[in-house]
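Open the structure in your viewer and keep the sequence panel beside it. The stops below are meant to be taken in order.

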Amino acid sequence: MKKKGRYVIEAAFLVPGICILLVYVVFFTMYAHDCAVCVHTALEAGMKGCYPDGRTDAGRKEDMEKDFAEKLSGQLLWLQVKCVEVKVSPLRATLRVSGSGSFLPVSGLEMQQTVYRIQPCETIRRSRWMKD
């Protein structure tokens, strides 16, 4: 008895499986890239904004939000940014980005980074927020 068509049936099962695996590897790579870009951009914008240069906290917040949004707009592959948020206090700056993509089964991405000010003791003394 001859076994004709055996390779065709094996290929019919293997080729779609391999294609699906490759597609998921590409999508995971895009997700991992966007995670790394969000973390790096948050740290970069936070360090730039936390440097003591005489600006008020409101001015720092606006500058950090603008810088953060500009840097994210051209570097993301999958993520469509819904929310870029910056909170500035005398001790730290917290940068948060959240959003979702269009074609991955992941519900979304939410990254939060906290950057501490360079000289927190001096900043707290100058701001006088600890006085009675």
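**Before you start**

This is a predicted model, in which local features need pLDDT of at least 70 and side-chain atom pairs count only at pLDDT 80 or more, while totals for chains, interfaces and linings use all residues. Residues are numbered from 1 along each chain as its sequence is written, and side-chain values use heavy atoms, with hydrogens and water left out.

**Stop 1: the whole chain**

Colour the protein chain by secondary structure: there are three helices and three strands. Helices (H or I, at least four residues) and strands (E, at least two) are DSSP runs, numbered from the N terminus. Along the sequence, the pattern reads α-α-β-β-β-α. Of the 132 residues in the protein chain, 29% are buried. Buried means under 20% relative accessible area, exposed means over 50%, and partly exposed lies in between, with a 1.4 Å probe and protein chains only. A contact means heavy atoms within 4.5 Å. Among contacts between residues at least 6 apart in sequence, 55% join residues at least 24 apart.

**Stop 2: helices H1 and H2**

Select residues 6–50, which are helix H1, and residues 57–73, which are helix H2. Their axes come within 9 Å and cross at roughly 150°. Axes here are lines fitted to C-alpha atoms, for helices over the stretch in contact, and angles run from 0 to 180 degrees between N-to-C directions. H1 and H2 are therefore roughly antiparallel, a label for angles over 145 degrees.

Now show side chains where the helices meet. On the H1 side, the residues include Val37, Cys38, Thr41 and Glu44; on the H2 side, they include Arg60, Met64, Phe68 and Leu72. By class, this contact has eight nonpolar, three polar and five charged residues. Ala, Val, Leu, Ile, Met, Phe, Trp, Tyr, Cys and Pro count as nonpolar, Asp, Glu, Lys and Arg as charged, and the others, Gly among them, as polar.

**Stop 3: a salt-bridge network**

A salt bridge is a side-chain nitrogen of Lys or Arg within 4 Å of a carboxyl oxygen of Asp or Glu. The count by this rule is six. Select Glu44, Lys48, Asp67 and Lys71, which are linked in a network of salt bridges. Within this group, lysine 71 pairs with aspartate 67, their closest N and O atoms being 3.3 Å apart. The two are four residues apart in helix H2, about one helical turn. Both lysine 71 and aspartate 67 are buried.

**Stop 4: glutamate 85**

Which residue forms a salt bridge with glutamate 85 at 3.2 Å? The partner is arginine 96. Glutamate 85 lies in strand S1 (residues 80–88) and arginine 96 in strand S2 (residues 92–100), so the pair ties together parts eleven residues apart in sequence. Glutamate 85 also meets lysine 87 in a salt bridge, at 3.7 Å from N to O. Glutamate 85 is partly exposed at 26% relative accessibility, whereas lysine 87 is exposed at 54%.

**Stop 5: leucine 43**

Go back to helix H1 and select leucine 43. This leucine is partly exposed, at 35% relative accessibility. Leaving aside residues up to four places away in sequence, leucine 43 touches Gln113 and Val115. Leucine 43 and valine 115 are 72 residues apart in sequence, yet 6.8 Å apart in space, C-alpha to C-alpha.

How values were computed
Angles under 35 degrees count as roughly parallel, over 145 as roughly antiparallel, 65 to 115 as roughly perpendicular and the rest as oblique.
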